[in-house]
Amino acid sequence: MPHSMSLFVVASLLAFAPLCLCAKSSGGYLYPQFYDRSCPKATEIVRSIVAKAVAEEARMAASLIRLHFHDCFVKGCDASILLDGSRKITTEKRSNPNRNSARGFEVIDEIKSALEKECPHTVSCADILALSAGDSTVLAGGSSWEVPLGRRDSRGASLSGSNNNIPAPNNTFQTILTKFKVQGLDLVDLVALSGSHTIGDARCTSFRQRLYNQNGNGKPDFSLEQNYAGKLRQNCPRSGGDQNLFVMDFVSPAKFDNSYFKLLLASKGLLNSDQVLVTKSAAALPLVKQYAANNQLFFQCFLNMIKMSNISPLTGNKGEVRRICRRVNSQ
Ligand code: HEM
């Protein structure tokens, strides 16, 4: 390689270096050995029940990852999403992002009851969610990480937090990025964690607008590849069929890999919030390209899940360890 050429290569590598910043973050006050003495089998018990659930239904891996995300963006990772409605609790389960959509609650219940038998009143529901998300990622073929532990559970929920903090599929790129920044997450986190959409499903109602009326002028979203859009229309009509399900990564719907990013580059991202990573941000596009080209890099950056897992945990004597994840200890 001529000297000038190699200089150019080094210079361009350096130019891209900041984009690859995705070093593993620590769990802060949380640490993976938290239950080593108090409940040494905790992680094993969670893993085996998640494995059973995912073996029964592959989609459950996706649903459990999403539960953790929707928990962490509302008052921190405190299991607030698991609380059912009651006299004192206005449940987050009825929020726009969760209603008819969030799932996996029965699996969390099963894990909790097994843990209560093994070591009563010890392992928090918030930690169960974090561990389940990690196990689900591995079971679907993705990266593995040691999950920092020691979160405690909230004594309340926030319906408005759930409605306002969790990004919606029709939010603009800027709104989505702002919602991540409010949580202490950045652009790299946004792009890497959106890679979760390499598995799991979305309902017709979550992307219909793109098929028929993207900007209120009766025209589809032209940033969606038109053959693909045509196929989607077959099962996502102009009206009705709201709950019809579509895989988000039709190339490898149950496999955790970088094909989601390849699809984005082919204008075949299912949600508007997916496609805007390519069409609306000069800063996000190179990240999408890098993850599409390099699965290992995507996996490494996906370890930033640890950052998400570490959003405002309740620790020490804050909150409580619930005995049943669906309700606070004293109602
Ligand atoms: C960046 C902003 C995001 C938006 C706007 C968004 C939106 C959505 C929507 C609308 C669905 C389909 C829900 C339905 O139709 O029932 C979905 C599914 C999913 N999301 Fe996201 N999401 C985002 C980021 C994330 C992140 C950060 C994660 C994980 C860390 C994640 C994990 C998932 C998973 C795994 C599914 C499939 C769930 C299942 O099949 O049960 N999403 N998301």
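This is a predicted model: local features need pLDDT of at least 70, side-chain atom pairs count only at pLDDT 80 or more; totals for chains, interfaces and linings use all residues.
Local features are used at pLDDT of at least 70 and side-chain atom pairs at pLDDT 80 or more, while totals for chains, interfaces and linings use all residues. Residue numbers start from 1 along each chain as its sequence is written.

**Domains.** Select residues 26-166 as domain 1 and residues 195-303 as domain 2; the bounds come from an automatic or database domain assignment. Their centres, taken over C-alpha atoms, are 26 Å apart. Contact (C-beta atoms, placed from the backbone, within 7 Å) joins 15 residues of domain 1 to 13 residues of domain 2. On the domain 1 side, α3 gives the most, with six residues. That side divides into six nonpolar, seven polar and two charged residues. Here nonpolar means Ala, Val, Leu, Ile, Met, Phe, Trp, Tyr, Cys and Pro, charged means Asp, Glu, Lys and Arg, and the others, Gly among them, are polar.

**Ligand.** Next, select the 25 residues around the ligand, taken as those whose C-beta atom, placed from the backbone, lies within 6 Å of it. S63, S101, G200, A202 and S273 come nearest. α3 (59-72), α8 (187-194) and β1 (201-203) each give two or more residues to this shell; helices (H or I, at least four residues) and strands (E, at least two) are DSSP runs numbered from the N terminus. The largest share, six residues, comes from α3. By class, the shell has twelve nonpolar, eight polar and five charged residues. Because both domain 1 and domain 2 give residues to the shell around the ligand, the ligand lies between them.

**α8 and α13.** L187, V188 and V191 of α8 meet A284, L287 and V288 of α13. The contact holds six nonpolar, no polar and no charged residues.

**α2 and α4.** Finally, select α2 (42-56) and α4 (105-118), which pack at about 150° with axes 10 Å apart. This angle makes α2 roughly antiparallel to α4. Among the contact residues are I45 and I49 of α2 and I111 and E118 of α4. By class, this contact has ten nonpolar, no polar and two charged residues.

Methods. Two residues are in contact if their C-beta atoms, placed from the backbone, lie within 7 Å. Axes are lines fitted to C-alpha atoms, for helices over the stretch in contact, and angles run from 0 to 180 degrees between N-to-C directions. Angles under 35 degrees count as roughly parallel, over 145 as roughly antiparallel, 65 to 115 as roughly perpendicular and the rest as oblique.
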